[in-house]
Amino acid sequence: MFIYLSKKIAIPNNNQLRCVSWNKDQGFIACGGEDGLLKVLKLETQTDDTRLKGLAAPSNLSMNQTLEGHSGAVQVVTWNEQYQKLTTSDQNGLIIVWMLYKGSWYEEMINNRNKSVVRSMSWNADGQKICIVYEDGAVIVGSVDGNRIWGKELKGLQLTQVAWSPDSKILIFGMANGEIHIYDSQGNFIVKLVLQCLANVTGAVSIVGIHWYSGTEGYVEPDCPCLAICLDNGRCQIMRHEHDENPVLIDTGINVVGIQWNYCGSVLAIAGSQVSAGQDKQINVVQFYTPFGEHLRTLKVSGKQMYAASWEGGGLRIALAVDSFIYFANIRPDYKWGYCSNTVVYAYTRPDRLEYCVVFWDTKNNEKYVKYVRSLISITTCGDFCILATKADESSPQDENEMESVVAMYVLVLCNSIGTPLDSKYIDIDPLFITMTKTHVIVASKEAFYTWQYRVAKKLTAMEINQVARTRKEGRESRIYHVDDESSVGGDGTLDFSKAFSTTKDAICCITASDKILIVGRESGKIQKYSLPNVSLMQKYLFNYRSYQLSLNCNSSRLAIIDIAGVLTFFDLETRITDSTGQQVLGEQLKFERKDVWDMKWANDNPDLFAMMEKTRMYVFRNLDPEEPIQTSGYICNFENLEIKSVLLDEILKEPSQPNKDYIINFEIRSLRDSRSLIETVGIEDACMFIEENPHPRLWRLLAEAALQRLDLKTAEQAFVRCKDYQGIEFVKRLGNLQSESMKQAEVAAYFGRFEEAERMYLNMDRRDLAIDLRIKLGDWFRVLQLLKTGSGDADDALLEQAYNAIGDYFADRQKWMNAVQYYVQGRNQERLAECYYMLEDYEGLEKLANALPENNKLLPEIAHMFVTVGMCEQAVAAFLKCNQAKAAVETCIHLNQWNKAVELAKNHNMKEIGSLLAKYASHLLEKNKILEAIELYRKAHHFLDAAKLMFKIAEGEVKKRTKPLRVKKLYVLAALLVEDYHEQIKNTQRAKLKGRRSEATTALAGLLEEDASLSDNRIIDNAWRGAEAYHFFLLAQRQLYEGYVDAAMKTALHLRDYEDIIPSVEIYSLLALSACANRAFGTCSKAFIKLESLDMLTSEQRLQYEDLALEIFIKHSPKDGKKSDLDSLPEGRGEGKLPTCVVTGRPIADYQFWMCGVCKHCAHEQDISNHNFCPLCHNPVG
């Protein structure tokens, strides 16, 4: 930052000032002093010139009101910005609250304790409460409407300062004895604050300033120090919060009278006085610090005694109360900004985010791109790129090379002009100073500098790509050098960050670089010159001042130096002179000096031209000779083609989210203005002579354009040759070949961008074709279409189609698909039409388009893929088949889970790989334990046997889990039905093969033989219904038992003995024993108990329980059946002579006539089945 005094206002009658306060919102300045002096002033800019904004605009006093009411010296003034009130107090303890009414200030309230004097007053952040502290220890907190909230007497304490916390929950009191006490908002004592800045301090000290930044404009860094406390001896500490144990400590070395933060908490101003070196008199100074204690600037102010300092709301000016004067100083902040490729890059803080908001504002198209960067340190630009330097996030990934060292603390991000990151580097050194060339980024800390040779992929040739790869492999892309190390500086430097931490007595204070050389400035005044790209120390120079900013001209022959005091000097790097010892030395200090310079920029295309900012004036120099100054406060972006581009950053950052093109100002230098004036007033010949004397490509281009306007082709050609404009030369030659004068004028009009005029001339000459060509070159297809339709004669069909399609593209690029469709239909552009239908989700239109296309059209596969993405299988298959891509059609069916269609297509087109695809997908489902989905997949693909196997597997699993029997039966029935489907499939296959050649019986036999030949597991086929039968009879027996048909239940349970391999034996014989006991067939019951007691699966405890139960039964009843033994009447096993079992009653069927199910082939008595609509086993309708 740079600061300079800009204005001084004298107070009438030489009344000494005691205080000053600047209203941050409305801009009023209140100043109080002796003899009851109280004034409210306001500085306002009054200008219509858009260029004269901010500090450059002339400011006059729009208000100068004296407020009468105090008799003693006014010592405290404080503003309430929210409610537009001013609170003042004098040496007699009188407090007055003033209000603004119709543009003037009037007395609103008065208060006087008549006991002591007010030492400090502070409004809280929302302006609702004021805290007033008296010298005798009295504290009063009142509301904005004048009501007293609470009061307190702090006995034995002499108060000097008070401040609210940003959340208004805490009050901080400063004492005359140097103590800080913290109270809550209700006046309850919390803690006494330990001031670490008072370590090793002896003697009496007093608190003279407390300011707690409220965070209304965001913070420069997360967890940024914001509470500043300062003592009269110059010691200061800046804390993050009231309990901060590691505050920032500063020893200013001055006698402090007051402190204040600027509007965004980025700069702390400390005002006071100090004894000047070598003299006994005191000089007034204001010192400026960052929140982290880094000293920025010192401003010296003449006068006997400074009493107060106060910032302007925007932080661009500061008011100082000295003797009977108010001094104003202008601040030129060190904004984080840069300019690359017509883009202004700037950063600002927002209260709602911890990160910096970095805006890439394209000034040409007025478009902005925003990115948020955490802990941003600086922005550096060059050419088309910029470097964002930030603190590294701990979680950030780092390159292999960087990982070898300790975890890097900082990161450099290379971005293009829209903020896209292209590359990054992690470094350990603190990036205090950064400069950038077209090939290198050089970063310097106080002790070392780091070079990074960056490359951008889009501009590399094949040879350069190999070179970059080799550079990276060898590790030569990045190097680090210590500023004191002269021996190893050269091509063999290494990436060893440990050398960066070696301290130096002479720290680096600034750097700059060009394509050829690197300049490093040091605090002692020494400047070191290195070669680039191979870094080696070439020369050392010593100056008697400390450099602050360095800049090289475009051919690296001159170095501009702005020192710490704002003095601009120049050093010629190539001039050889003889020094005092008679030796030849390279380099000469030029006899040139300008004061109060805060910015300068060399011209990119002329080594003798530069522009510099001196206070609020811009000077342009040619060979160190100045032109007349231009009044502006802008920061210089670019100086090229005799034009200076400047940006009013102060104005932009007032509304940083909405940059205005009015804040970009282009200045033409005098030679360009004079040449234009000569051409307009005197003529081309005289202007040509002037340009000969002051040659520049921009001036020759200006002359060429003027000659073209007048059709002076000879002069135009000569001028284009002088500015090396090949296209201009070609254009002049083409003009020379034209015969018609009006045609030449039309071409010139088009050359200068007057397209409407050129078109009108072409049409007047009846050359509609040339007008159409002009509009085609401009891409104005709407006008092309208009010209084609309005002209006489038939329009060219091909050109019409081209116009329709170009307009369709225009709408499609803007995602106006409905409009695009209308033009693509007329332009017969089926490819883009398909895309528009797809974006509009008009699948009906897409289907019609696919149907209208001829077979094997190249667009059909694309349309098919569009259908696939939205799951429209049928339409996708039709499109694939139309272009003879059967395999793609099958893959689509598989992708969309339409396996029936996939199998059908595979068979119709003799594709063999469907089986393997099916197996692959099924195994994929099984791996994810999606067995039911796999069964459904097999079933849809007509692989019934595979589906049946999986279903049997599920059923067996449910049996082991002892799931409800009804669910198990259902699973077995489903499995058996799948086997029946398999039987039917085999029969149908054989029937199709042998159609018309053999009888039905032969077909069935052939099917069975094929089954036997192909089966690996006959058990499933032979006994498909066995599991369903077992659980059917198990459920039937229990139902009969519960309904009281105990004999039928026992007979059904006897039948269950055939299914011990499916139903657990313990359940079968438990059911049999229960039903036999209920039927009083104790012989059968006894045999069931004997079987139960012999089961191996029982535990000894369970077996004992069965034995006890049997004993209890058979003590009472003899183990004999009442009737003929049912066990004898029902044969065991599954022999050939076994009778079928009725699925309704569970009884054997001995009749010759019985009912048989058409699906499961199980039987039932006719009289029993007559009461059922469905088969009790498979649930097939009874026919």
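Is Asp 650 buried or exposed? At 5% relative accessibility, Asp 650 counts as buried, because the cut-off for that label is under 20%. Keep in mind that this is a predicted model. Here's a quick tour of its salt bridges, one of its sheets and a few backbone spots worth a look.

**The Arg 332 and Asp 650 pair**

- Asp 650 has a salt-bridge partner in Arg 332, and their closest N and O atoms sit 2.8 Å apart.
- Arg 332 belongs to strand β28 (residues 325-332) and Asp 650 to helix α3 (residues 649-652), so this pair ties together parts that are 318 residues apart in sequence.
- Arg 332 counts as buried too, with a relative accessibility of 2%.

**Other salt bridges**

- Take Lys 192 and Glu 179: they form a salt bridge in which the closest N and O atoms are 3.0 Å apart.
- Lys 192 is in strand β17 (residues 189-193), while Glu 179 is in the loop between β15 (170-175) and β16 (180-184), so the bridge links parts that are 13 residues apart in sequence.
- Lys 192 is partly exposed at 43% relative accessible area, and Glu 179 is also partly exposed, at 22%.
- Next up is Glu 628, which forms a salt bridge with Arg 673; here the closest N and O atoms are 2.5 Å apart.
- Glu 628 sits in the loop between β52 (625-626) and β53 (630-631), and Arg 673 sits in helix α4 (residues 670-681), so the pair ties together parts that are 45 residues apart in sequence.
- Glu 628 has a relative accessible area of 39% and is partly exposed; Arg 673 is partly exposed as well, at 30%.
- Some charged residues join up in a group: Glu 756, Glu 759, Arg 775, Asp 780 and Arg 783 are linked in a network of salt bridges.

**A four-stranded sheet**

- Look for an open sheet of 4 strands, running in the order β2-β3-β4-β5 with antiparallel pairing.
- The edges are β2 (17-22) and β5 (59-66), each with a single partner strand, so one side of each has no neighbour in the sheet.
- On average, neighbouring strands of this sheet are turned by 20° against each other, ignoring direction.
- As a bit of background, strands of a sheet pair through backbone hydrogen bonds, either parallel or antiparallel.
- Zoom in on β2 and you'll find that it pairs with strand β3 (residues 28-33) in the antiparallel sense, over 5 bridges.
- Val 20 stands opposite Cys 31 in β3.

**Backbone spots in loops**

- Leu 532 and Pro 533 are joined by a cis peptide bond, with omega at about 5°.
- You'll find Pro 533 in the loop between β43 (526-531) and β44 (536-542).
- Asn 856 isn't a glycine, yet its phi is positive, at about 60°.
- That residue, Asn 856, lies in the loop between α16 (843-852) and α17 (860-869), and it's partly exposed at 47% relative accessibility.
- Arg 962 also has a positive phi without being a glycine, this time of about 55°.
- The loop between α23 (944-960) and α24 (965-993) is where Arg 962 sits.
- Arg 962 is exposed, with a relative accessible area of 61%.

How values were computed
Residues numbered from 1 in each chain as written. Predicted model: local features only at pLDDT ≥ 70, side-chain atom pairs only at ≥ 80, totals over all residues. Heavy atoms only, no water. Helix = DSSP H or I, 4+ residues; strand = E, 2+ residues; numbered from the N terminus. Buried < 20%, exposed > 50% of the residue type's maximum accessible area, 1.4 Å probe, protein only. Salt bridge = Lys/Arg side-chain N within 4 Å of Asp/Glu carboxyl O. Pairing = 2+ DSSP bridges. Axes fitted to C-alpha atoms, helices over the stretch in contact; angles between N-to-C directions.
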